[in-house]
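Hi there,

Here is the structure I promised to pass on to you. Have a look at it first, and then read my notes below.

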Amino acid sequence: MKILIIHGPNMNKLGKRDQDQYGTFSQEALFEMITKKYPDIKFSFFQSNYEGELIDVIHDSNKFDGVIINPAAFTHYSYALRDAMETLEVPFCDVHLSDISRREDFRKINVLDGLSLKSFMGKKQNSYFEAVSYIIQKIKSYLV
Ligand code: DQA
């Protein structure tokens with residue numbers, strides 16, 4: 001099973017960003033935690049600070065069995081990213097380290113609402129573990 005995890009802008013600075021919201025670990029450490037926890041899954045990871053680059057990768061993502069995305073700040077205003085995600089033919093969910101529903105008002109908007117199968121948030125690395133477990137179950141349910 002092949003799962004792509006996509007990260008938006010500034011996620012390459014994890015560990016150096018607000019540690020209360022995002023944790024103390026780096027992006028590399030987060031990706032390693034995920035890889036170790038799910039040894040049977042073939043993960044690919046992609047991070048970009050550029051909207052267009054993310055969109056190009058999303059357009060090329062139907063070769064995976066499922067996609068998990070943390071669009072970072074693009075979550076709150078990128079309709080271009082939403083439109084790109086709408087072209088996905090494989091299941092996807094969105095994930096956030098922090099609880100975007102309990103922060104500044106501008107973070108309460110999630111452009112993927114209604115498109116993403118489910119949002120996972122507020123549990124730092126555990127948001128990702130929950131998202132991965134969920135998408136694995138979804139992919140398996142589509143296979144039967
Ligand atoms: C984030 C929340 C966003 O509001 C923020 O811009 C991020 C990370 C999260 O994982 O909690 O960069 O998506």
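Predicted model: local features only at pLDDT ≥ 70, side-chain atom pairs only at ≥ 80, totals over all residues.

**What I found**

Met33 counts as partly exposed, because its relative accessibility is 26%, which falls between the 20% limit for buried and the 50% limit for exposed. You will find Met33 in helix α2, which covers residues 27–37.

**Around the ligand**

Which residues surround the ligand? They are Arg17, Tyr22, Asn70, Ala72, Ala73, His76, His96, Leu97, Ser98, Ile100 and Arg107. Sorted by class, this shell has five nonpolar residues, four polar ones and two charged ones. The space that the ligand takes up is the largest pocket.

- Ser98 places an N or O atom of its side chain 2.6 Å from a ligand oxygen.
- Leu97 uses its backbone instead, with an N or O atom 2.8 Å from an oxygen of the ligand.
- Arg17 has a polar side-chain atom that lies 2.9 Å from a ligand oxygen.

How much of the ligand does the protein bury? On its own the ligand exposes 320 Å², and the protein buries 98% of that area.

**Two backbone angles to look at**

Here is some background for this part. Most residues other than glycine have a negative phi.

Ala72, one of the residues around the ligand, is not a glycine, yet its phi is positive, at about 55°. Ala72 belongs to the loop between β3 (66–70) and α4 (79–86). Is Ala72 buried or exposed? It counts as buried, because its relative accessibility is 13% and the limit for buried is under 20%.

Asn10 also has a positive phi, near 75°, and it is not a glycine either. Look for Asn10 in the loop between β1 (2–7) and α1 (19–22). With a relative accessibility of 40%, Asn10 counts as partly exposed.

Best wishes

Terms used: Residues numbered from 1 in each chain as written. Heavy atoms only, no water. Near = heavy atom within 4 Å. Polar contact = N/O pair within 3.5 Å; in protein donor to acceptor, adjacent residues only side chain to side chain. Areas by Shrake-Rupley, 256 points an atom, 1.4 Å probe, with all protein chains shown as cover. 1 Å grid on protein atoms, 1.4 Å probe; cavity = no way out; pocket = protein on both sides within 12 Å on 5 of 7 lines; lining within 4 Å. Sits in = over half its atoms within 2 Å of the grid points. Nonpolar A, V, L, I, M, F, W, Y, C, P; charged D, E, K, R; others polar. Helix = DSSP H or I, 4+ residues; strand = E, 2+ residues; numbered from the N terminus. Buried < 20%, exposed > 50% of the residue type's maximum accessible area, 1.4 Å probe, protein only.
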